[in-house]
Each structure stands twice: as structure tokens, then as C-alpha cells.
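Please look over the sequence and structure below before reading on.

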Amino acid sequence: MPDHGAVVVPFVADSPHDPALSPAARAAARERLLTERAGTEQRIAALSREFEQIVEANALVAVDDEHDPEGSSTAFERAHVAALLARAREHLVEVDRALERLERGGYGRCTECGEPIPEERLSARPAAATCVRCAAARRT
């Protein structure tokens, strides 16, 4: 059935030996990654402020986490925010690595098997370095 007017631009070049992106796909990927980076930096800033507020609030009172009924929830909150902050910082590194792959020409290919990463995965996870199959294999 003919396609009436839709323009399809392949995200990854058709040749498995040529990982280069088309100029339009390269620009779209760069924009997605830069948007992802900016959002991650904002999240890091917000979580850093939240963590500092928790620490400052606890510094004002002598909290004995073990015996104070509020202490355990405060400790949990502090640990939770610290974990979210650490993950956001890791994600920023992942985004920066994806930007490097984009510059070197390897973006859009799995870093483990070399196969193209589906556009749907890159749309959902712009910093993805592996295809779904390789990512699933890592988890098992």
C-alpha cells in the first residue's frame, strides 16, 4: 500500500557496518540528549537542595535515630534522597557518554552486540547504550 506523504527517515543507517546517523536523526538525537541532560541537571539541583534541607533540619535538633520516633523516618528520608541523588548523577554520566557516542558515530548501536538499538528504545531512553536483548541479559 503506498504511503501518501509520510517521510520516513531511518534513525540508524541501513548498513550494519555504517553506524552513522542521517543529519536529521543526528540533530533529533542531540536535541533529545541535551533535553535529557538539562532535566537531569535540574533534578540533581532539586535533590541536592532537598538533601541539604534534611541535613540542616536534623542539625538543629539532637536526633537519636535509634530512640527518637521521628529519627528512623528522618534517616530513611535522608537515605532515600541520597539514593535518588546518586542515581541522577549516574544518569548524567550516561547521558554524557551517549553524547560522546553521538559525536564519535556509535550512537544508536548496542555497545555490547553492535546491533541497532530500536528507535522506540532510544525515544524512551535517549542515553540507552544497549539493545533490549543485551540489557535483559545483564539483569539475569
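## A pair within helix H1

Arg37 and Glu41 both belong to helix H1. Four residues separate them, about one turn of the helix. The model is predicted. In it, Arg37 and Glu41 form a salt bridge, with the closest N and O atoms 2.3 Å apart.

Are these two side chains buried or partly exposed? Arg37 has 21% relative accessibility, so it counts as partly exposed. The cut-off for buried is under 20%. Glu41 is partly exposed too, because its relative accessibility is 38%.

## A pair within helix H2

Helix H2 holds both Glu90 and Arg87. They sit three residues apart, about one turn of the helix. Their salt bridge has its closest N and O atoms 3.3 Å apart. The cut-off for a salt bridge is 4 Å, so this pair qualifies.

Glu90 is partly exposed, at 46% relative accessibility. Arg87 is also partly exposed, at 36%.

Which residue pairs with Arg30 in a salt bridge? The partner is Glu103, and the N to O distance is 2.6 Å. This pair links distant parts of the chain. Arg30 lies in helix H1 (residues 23–59), while Glu103 lies in helix H2 (residues 71–104). The two are 73 residues apart.

Arg30 counts as partly exposed, with 28% relative accessibility. Glu103 has a relative accessible area of 49%, so it is partly exposed. The cut-off for exposed is over 50%.

## Salt bridges overall

How many salt bridges does the structure hold? There are seven. Among them are Arg30 with Glu103, Arg37 with Glu41, and Glu90 with Arg87. Side chains of opposite charge can pair when their charged atoms come close.

## The largest pocket

The largest pocket has a volume of about 300 Å³. Its lining comprises 14 residues. Closest to the centre are Glu94, Ala127, Ala129, Thr130 and Arg138.

Which helices each supply at least two residues of this lining? They are H2 and helix H4 (132–139). By class, the lining has eight charged residues, four nonpolar and two polar.

Terms used
Residues numbered from 1 in each chain as written. Predicted model: local features only at pLDDT ≥ 70, side-chain atom pairs only at ≥ 80, totals over all residues. Heavy atoms only, no water. Salt bridge = Lys/Arg side-chain N within 4 Å of Asp/Glu carboxyl O. Buried < 20%, exposed > 50% of the residue type's maximum accessible area, 1.4 Å probe, protein only. 1 Å grid on protein atoms, 1.4 Å probe; cavity = no way out; pocket = protein on both sides within 12 Å on 5 of 7 lines; lining within 4 Å. Points joined across faces, edges and corners; volume = space filled by probe spheres on them. Nonpolar A, V, L, I, M, F, W, Y, C, P; charged D, E, K, R; others polar.
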